[in-house]
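Colleague: Please take a close look at a single part for me, the side of one chain that touches its neighbour. Then set that part in its surroundings.

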Amino acid sequence: MSRIRFTRRLPAAVAAAGLALAVAACGGESSNSSDGATAAAAEELKPNADLSKQSLQVTVWDGYTPKELPEKAKEKLKVSEVKVGLHATNEEAMAKLTASGDSGIDVAFVSGQYAQALNEQGLLEPIHAELVPNLANLYPEAGQLSYDKGNKYSVPYTWGTTGICYRTDLVKSVPTSWNDLLKPPAWADKKVTMMTTERWLALPALKLLGYSVNTDKDEEIAKAKELLLAAKPHLLAYDDTTFGDKLVSGEAVMVEAWDGWCPTTEKNIKFAVPKEGSDLWVDTMVIMKSSKNKEAAHALINYILDPEIHSWAAENINYKVPNKAAMERVKAPEGSLLGIKPAELLDGESIIDLGQASTKYTRLSSEVTAQS
Amino acid sequence: MKSEAKARPAPRVRGRRLGAFVFLSPGLTYLVVLLLVPLGLVLSYTVFQRGRFGGVVYEFTTENFTRLIDPLYLGVVGNSLRIAALTTLIALLIGYPTAYLIAQLPSRWKTLALVAVVLPFWTNFIIRVYAWIMLLSGPGLVNSALGKLGLGPYELLYHEGTIVTGLLYSYLPLMVLPLYSAIERLDPQLREASANLGASAFTTFRKVTLPLSVPGVLTGCLFVFVPSFGNFVIPEMLGGSKSTMVGNLIRDQFLKARDWPFGSTLALALIAVLVALLIVQAWAARRA
Amino acid sequence: MRRSKLLYVPFWATYVFLYLPILVLVVMSFNSGDSAYTYEGFSLKWYGELAGDERIRTGVVNTLVVAAGSTVIATVLGTLLAVGLARYTRSKTLDALALMPAVLPDLVLAIGLLVFYSAIQLTLGLYSVTLAHALFSMAFVAAVVRTRLTGADTSLEEASRDLGAGPVVTFMKVTLPQLTPGIVAGALLAFTLSLDEFVIAFFTIGNAEPTLPIVIYSMVRFGVTPKINALAAILLLVSFTAVIAGQRMTRIGESRAQD
């Protein structure tokens, strides 16, 4: 079905592929392609397909890519249209991507473990490396990420770690342990926020207990849950999006934060990775199998990996990008965390999808937020 | 057309059938496809399982219901009941005198007073909630005013009371309007007669006005309770993302946890509570 | 008539409660500072920022598109349904069914529609929101038109039928003209409800560019800025004008009717 629509939307592209391809892709398959009977698992993509017949729909976190990306990409790639939809959390993105057979989305930005889960559901198109020459700009470490070794179906966009973001002028002692967040001292009572987004809700508790962030053992998760529930009455709120604002306004004095969203460029705000260790998270770009614009999708990813574009994320949202050529262009502003080297980042434990056991974390998150 | 109709034996019956078909079928089809089928799907999902990645696996289970009666989730349902009931009660307590006074204003002021109650309702719902964040948050205006008096700052957001305030602010007009129309419809002569017979204003109110305005009270309570009970935006924005109400829980099951079967089960519980309430309301209205 | 002075306390409390937040909202929209909390001086800069915000502009356009589309569907279907229910059936069940979308909590409609759209593998977008909005708007239109029908004189319709006109002709020539005020009121109600609707749109929009309420929701979720205040002030102005204009028109209409 999607195959038929694909070819119908791309008659010109098929024609343009011409004799050369028909000969190269020998056998009966290509002779049938005009009536849509090709049944290859990995699609044959055409490096010089006519992108002006393709349009792109992207879903990404709010403020995570340059505002003018749609227009710039449209102009540069000569695609007919680039539309950007927004999600607030990974879960929202997953809800959009899995709610229907074809979400209409071509390129999605999700964290590594979600990319892995989407791939296991067979929803992702493998990355055709030959269509993304700018992959060469990435650090070698970026190909070593445990949720997708070798970047087979995802391309890293940003990476970093999770820690405690705090106000130097409002804390009486510098937080050094996850314990400071989970059992806040009296001066921080009701002035602490934590995240609810599944795996990052559990992270502080799991790390404090010395467990893996990828544990699937029921008793370990249960212990973490106890800690999280005990912490709940001392929280100002759960917050996945505006913890930085709460810190700037002084409503909160310590928050669980991803490094890039900790506004360390403001004065009096610093970021600490607790001594028990933390994670290495990666936000990735993936291409949906249901996309009818796969050539354009690859072209967009390649365009984003261009050092000039990719360095935007580092310069404007203070997230480290796994792009060596881009990072070399970036001048790290005062106080920023961009100086952390990729090798140091890899000290953090990479969050991976746990298959059936992931539901334990989903459930943990529901139960912790529901407990009164 | 005329002669054609005459040629047929029973034009009225035929006409009625045709009429029923022409007028009823489009709307009913729409209702069946977009209301009954979806609700049927939701109902059926309550006995199936969540797939590994979300979605629904069509294998029978009663797990969703055992999970629902877990004190944790029942507690949330109870919480929502309490919050919605409290909101309704406060709305009634301040809405009734307001509606009562409006009904007795001279007619040109009456319209103005009524429009003034409804007007805030016409601004965007989210913006109305946002106004309270501005007022109540840590550096917000209430705290800075208190600060000038040497008090605070207090943590005013993220309490149950904040949620009640937000709900009240959003739905108070829905209480005042039905109350007003119930009170306004009362015959003023009844009250005058009561006063002439020597009853005090309070007795008149208690014996005449109040009993006769019960239908309006019931409608107003229903109008405030229903949207409060199923709300998720206000508890989320003013309550700090803790799932304090069943609406948050349902929202989270669909848009976060992707556990549609359990989300459907919670929705069924929500509907059940409301249906029970409607039955009570209908019963009370008949007695009134 | 003696009234206890005490009654005036909740009366004025209601109005202060309803208008204080709005007043603050509007005042802060003229703030020259960057904070939504501390007033630093008069400025219109947030209105300028608002005018330059493309997300809000597309949000407004999308909201109007959805509202217009759903109003058309709801008005046609709702009017037919009202006539059908009032004149061609006595079924209480059908009555209840027609009212259901207006009575059920929006969250229940939202998840039902999400589940349904997903089951038929529909790619979500503005049209799925339009169809969803038409569902509850139809219930409101039908309810409004019905009140008009129950009050209406049926003798004309009977006369028309006695003269041999079929149901469609009777409807077009007799019923419809009588119903016009009700239909207009219903359509206006449908339009307004759709403009402000958030929950159902939030569930059924998929990855499409969002409607205004969703834009506002995500803006608020990502922090507090006086830009939202400016938007609030404009929306207030628009609805105040609409309400006052509506009042004027009904008053003119009434005085004409009396002449």
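Modeller: Helices (H or I, at least four residues) and strands (E, at least two) are DSSP runs, numbered from the N terminus. This is a predicted model: local features need pLDDT of at least 70, side-chain atom pairs count only at pLDDT 80 or more, and totals for chains, interfaces and linings use all residues. Residues are numbered from 1 along each chain as its sequence is written, with chains lettered from A and ligands numbered from 1 in the order in which they are written.

Now the contact side. Chain A puts 27 residues in contact with 28 residues of chain B (contact: C-beta atoms, placed from the backbone, within 7 Å). On the chain A side, α5 (90-98), β8 (237-238) and α15 (358-370) each supply at least two residues. The largest share, seven residues, comes from α15(A). By type, this side of chain A has seven nonpolar, 14 polar and six charged residues. Here Ala, Val, Leu, Ile, Met, Phe, Trp, Tyr, Cys and Pro count as nonpolar, Asp, Glu, Lys and Arg as charged, and the others, Gly among them, as polar.

β8 also belongs to an open sheet of five strands in chain A, ordered β8-β7-β9-β6-β10, with mixed pairing. Strands pair if DSSP finds at least two bridges between them. β8 and β10 (269-272) of chain A are the edge strands, each pairing on one side only. Further in, β7 (residues 192-194) and β9 (residues 254-258) of chain A run parallel over two bridges. Val192(A) has Met254(A) as its bridge partner in β9(A).

Chain C, briefly. Residues 7-30 of chain C are 92% helix and 0% strand, with end C-alpha atoms 36 Å apart.

Notes: Contact = placed C-beta atoms within 7 Å.
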